[in-house]
Amino acid sequence: MTQHTLVLNDPIGFHARTASLFAKTAASFESEVSVYFNEKKANGKSMLSLMTLGVKSKQEIRIEVSGGDEDMALDRLKNLVSSNFIASA
Amino acid sequence: MTEVYTGKVVSKGIAIAPARKVALPPELVVPDHGIEDLKHEQALFDKALAGARDYVSRWKATMNGRLEGEALELYDAYDEMLQDPELVIQTKDLIESSSKNAAHCFFRVTEDYATTLMALNDPYLSARSEDIRMLADLVIRLLSGQEIQELTWTDKAVIVSRQLTPQQLSSMNSDAIAGIVLVEGGLTDHTAILAQALSIPLLIGVSEQVLEIQNETPTLLDLEAGVFEVNPNTKQIHHAQEKLGVLQERFEQARLQATEKTVTKSGRSISVEANVGSLLEVKQAKANGADGIGLFRTELAFLQQKTLLSEQDHYDVYASILEGYKAVTHTIRLLDFGSDKPLSYLPVAKEENPAMGLRALRLGLKNYDLLLKPQIRALLRISKEFSIRILCPMIATEKDCIEIKSLIQYELKDLKTKGYKELKMPPFGIMVEVPNVAVNPKKFVDLADFFSFGTNDLAQFLMAADRSNVNLSIYFEDVKPTLIAIIEKFNSHAKRLGKAVSICGELAADTDFTEEFLDIGISSLSMAPSQIPIVKRRVREIK
């Protein structure tokens, strides 16, 4: 298991577009991906689940990945979030 | 054989297109029963999801080319939600653990998501919860064989219906609506106003029999002649096509001239402005050469939302719309709706007579903190970026007028102490639409900076004739001389104090009266954007 905590800089937060990009990227890996925010946990491969976290701009999330390709997956997800969702999924 | 229907013409024009019936979809029923074959039920669920995705991809194909990038991406989001792993897995788990049917389980899972998103109190995510409910509705109808009604089609059609709500009309692609034929509906209700704004021919008060028409029957809606012909013959169609060509050419000519300066032959001028309620209409106003936005109906901002709007929500809605035509002054009317347009988030008791009920400022003042306060503060803030005037609807007494003005002044003072130091009071105006104001100019001309005649409401109150009742339309012809006399008297009092009077009801676009308005010295006429070129052309013909 590997994890990383970072700030979501997108001006709206986890909304349909950003949540969808995150979920698509996460789904391209075998590992399980979870996102934690305010003691809530979401399935990182589900856009709906990510949206229900209610993460707004400038708030901190923790990404937890576990599985065979966890390092690569975490790397890509970190890049995606820190590039403000420009890094392609 | 050709059948011919007549009615009241609300919006002129000609359409040659097949008929399509629109009715409110029957309410969704969520079946709830036990099942034995779990695997079979899960397979049915998979099949319904795939069916729903087919619908979504058809909608997207329909809108392709009409909607731009971001609006089109909505359909991709729908598609993704229908494949969302949590939604699918949780539903299947629930089918197994509860031994209940898929429709029931999917409803429970999606409602859970919708409620959670709604509770986050974020307008953006609340809108997504509406999307989920819409998709759940679609999947459940597919699972249980309930009728699915699509209001999206690519070709042009004439809508035939008993009634059509403003919401229904807004949800449809206006390009695909060639014309509208209704059994009920009023001359000046919001559907009528929207149809005029979109230049869609609209005929109302048509005999009930019209509802027996089959979908796709060829029709000819000629509202220059005031008739709806079902199964027209080729000669009739040919004749209508010729007329349509002439009309389009004439309108195009007027539109080309619309942005040129509008003065009479002797150099007199009058500002020809637009009534708007959306960005689309603001853009039309600009394209048609409007000299200003004479009436911005803000109620659409309230009606289209599912939750109460915050001050910032108001600000964002108005900023995005005003941005569509930044160069001119926008006259923005405070909320005007009542029990005839109920809001899901604000329960209002049903009234016998909503037009004369707890509506507009009466409703706004009663729920001041929820409705008017955020709106007023957003408008004051926006006056820093745009040239605006604030217009108050349904003023009946001097007290009404003084009360709302002092509330605006109070919010201004408060904002100034909270970092908006340089804000100034925008021009403050009132609608003249209640007879007690209209016939008492002396009492009111001191109280506001400008006045706007709402002739639609004033007419119905003067004649005690409900404007949505088709049988009473005759009164709205007879009221015109009275309206002109009242406007003239009011204007002469306002003029003495150098205050502007404008007209924003139906009468403003009536070219029979343009000359009279110029003679009286009315400062501006405000109308549906589509009427502007016609009125401007009339102004140029006058001495």
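The legends below describe close-up views of a predicted model.

Residues are numbered from 1 along each chain as its sequence is written, and chains are lettered from A in the order in which they are written. Local features need pLDDT of at least 70 and side-chain atom pairs count only at pLDDT 80 or more, whereas totals for chains, interfaces and linings use all residues.

**View 1. Overall build of chain A.**
Chain A holds 3 helices and 4 strands. Helices (H or I, at least four residues) and strands (E, at least two) are DSSP runs, numbered from the N terminus. Along the sequence, the pattern of chain A reads β-α-β-β-α-β-α. Of the 89 residues in chain A, 43% are buried (20 or more other C-beta atoms within 10 Å of the residue's own, with C-beta atoms placed from the backbone). Among contacts in chain A with a separation of 6 or more, 70% join residues 24 or more positions apart. Two residues are in contact if their C-beta atoms, placed from the backbone, lie within 7 Å.

**View 2. Helices α1 and α3 of chain A.**
The axes of α1 (residues 16-27) and α3 (residues 70-82) of chain A come within 10 Å and cross at roughly 165 degrees. Axes are lines fitted to C-alpha atoms, for helices over the stretch in contact, and angles run from 0 to 180 degrees between N-to-C directions. α1(A) is therefore roughly antiparallel to α3(A) (angles over 145 degrees). From α1(A), the contact uses A:Leu21, A:Phe22, A:Thr25 and A:Ala26; from α3(A), A:Arg76, A:Leu77 and A:Leu80. By class, this contact of α1(A) with α3(A) has 5 nonpolar, 1 polar and 1 charged residues. Ala, Val, Leu, Ile, Met, Phe, Trp, Tyr, Cys and Pro count as nonpolar, Asp, Glu, Lys and Arg as charged, and the others, Gly among them, as polar.

**View 3. The barrel of chain B.**
In chain B, 8 strands close into a barrel, ordered β9-β10-β11-β12-β13-β14-β15-β16, with parallel pairing. Strands pair if DSSP finds at least two bridges between them. Neighbouring strands of this sheet are turned by 25 degrees against each other on average, direction ignored.

**View 4. Strands β13 and β14 of chain B.**
β13 (residues 428-432) and β14 (residues 450-453) of chain B pair in the parallel sense over 4 bridges. B:Ile430 stands opposite B:Phe451 in β14(B).

**View 5. Where chain B meets chain A.**
Here 15 residues of chain B are in contact with 13 residues of chain A. On chain B, α2 (69-82), α3 (85-98), α4 (102-119) and α5 (123-144) each supply at least two residues of the side that touches chain A. That side of chain B has 9 nonpolar, 1 polar and 5 charged residues.

Conventions:
Parallel < 35°, antiparallel > 145°, perpendicular 65-115°, else oblique. Buried ≥ 20, exposed ≤ 12 C-beta atoms within 10 Å, placed from the backbone.
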